[in-house]
Amino acid sequence: MTIISRLFQLYQLAIVVYILMSWFPGAYNTRVGQFLGQICEPFLSIFRRFIPAIAGLDFSPIIALLVLQLAESGLFYLLTLIMY
């Protein structure tokens, strides 16, 4: 289960880094920015459809991270039920 936990943490870190890149002009145009965009945007776009920006601030990444943490907890709960 440690590998799964590490993968969730790595994806959460990728989302946080991708969001912080918005503070730097042109950061999305770098190779790292394009790579993070390819792996983060599909997940983030799900939440952007339902959560509008408020006063120009996008709160959908916060909800996306919370859902990701809930999914991780749910997955570990299911794995615990299956294994024991």
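Predicted model: local features only at pLDDT ≥ 70, side-chain atom pairs only at ≥ 80, totals over all residues.
Reader: Where does helix 2 have a kink?

Author: The kink lies at E41 and is about 45°. The proline P42 follows shortly after E41.

Reader: Which residues of helix 2 are buried?

Author: Begin with the general idea. An α-helix has 3.6 residues a turn, so residues three or four places apart point the same way. Now the case here. The buried residues of helix 2 are G33, L36, G37, C40, F43, L44 and F47.

Reader: Now the rings. How many aromatic pairs does a search of the whole structure find?

Author: The search finds 3 aromatic pairs. Take Y11 and F43. Their centres are 5.9 Å apart, with 65° between the planes. Planes over 60 degrees apart count as edge-to-face, so the pair of Y11 and F43 is edge-to-face.

Reader: Which parts does the pair of Y11 and F43 tie together?

Author: Y11 lies in helix 1 (residues 2-20), and F43 lies in helix 2 (residues 31-50). The pair therefore ties together parts that are 32 residues apart in sequence.

Reader: Is F43 buried or exposed?

Author: The cut-off for buried is under 20% relative accessible area. F43 has 18% relative accessibility, so F43 counts as buried. Y11 has a relative accessible area of 22%, so Y11 is partly exposed.

Reader: What about the rings of Y18 and Y28: how far apart are their centres?

Author: Their centres are 4.9 Å apart. Their planes are at 45°, so the pair is tilted. The pair links distant parts of the chain, 10 residues apart. Y18 is in helix 1, and Y28 is in the loop between helix 1 and helix 2.

Reader: Is Y18 buried or exposed?

Author: Y18 is buried, because its relative accessible area is 8%. Y28 is partly exposed, at 34% relative accessibility.

Reader: Which residues do ring pairs link into a cluster?

Author: The cluster holds Y11, F43 and F47. Recall that F43 and F47 are among the buried residues of helix 2.

Reader: Next, sequence against space. How far apart are F8 and E72, C-alpha to C-alpha?

Author: They are 7.0 Å apart in space, yet 64 residues apart in sequence. F8 lies in helix 1. F8 is buried, with a relative accessible area of 16%. Now take Y84 and Q9. They are 75 residues apart along the chain, and their C-alpha atoms are separated by 25 Å. Y84 sits in the segment after helix 3. Y84 is exposed, with a relative accessible area of 76%.

Reader: How do I read the phi of A55?

Author: Here is the general idea. Most residues other than glycine have a negative phi. In this structure, the phi of A55 is a positive value, near 55°. A55 is in the loop between helix 2 and helix 3. At 79% relative accessibility, A55 counts as exposed.

Reader: Last, the surface. Which residues form a nonpolar patch?

Author: The patch consists of I54, L57, F59, I62, I63, L66 and V67. Together they have about 600 Å² of accessible area. Look at L66 in helix 3 (residues 60-83). L66 has 44% relative accessibility, so L66 counts as partly exposed.

Conventions:
Residues numbered from 1 in each chain as written. Heavy atoms only, no water. Patch = residues over 30% accessible without salt bridge, like charges linked within 9 Å, V, L, I, M, F, W, Y side chains within 5 Å. Areas by Shrake-Rupley, 256 points an atom, 1.4 Å probe, with all protein chains shown as cover. Salt bridge = Lys/Arg side-chain N within 4 Å of Asp/Glu carboxyl O. Helix = DSSP H or I, 4+ residues; strand = E, 2+ residues; numbered from the N terminus. Buried < 20%, exposed > 50% of the residue type's maximum accessible area, 1.4 Å probe, protein only. Phe/Tyr/Trp six-rings, centres within 6.5 Å; stacked < 30°, edge-to-face > 60°. Bend = angle between axes of the 7 residues up to and from the residue.
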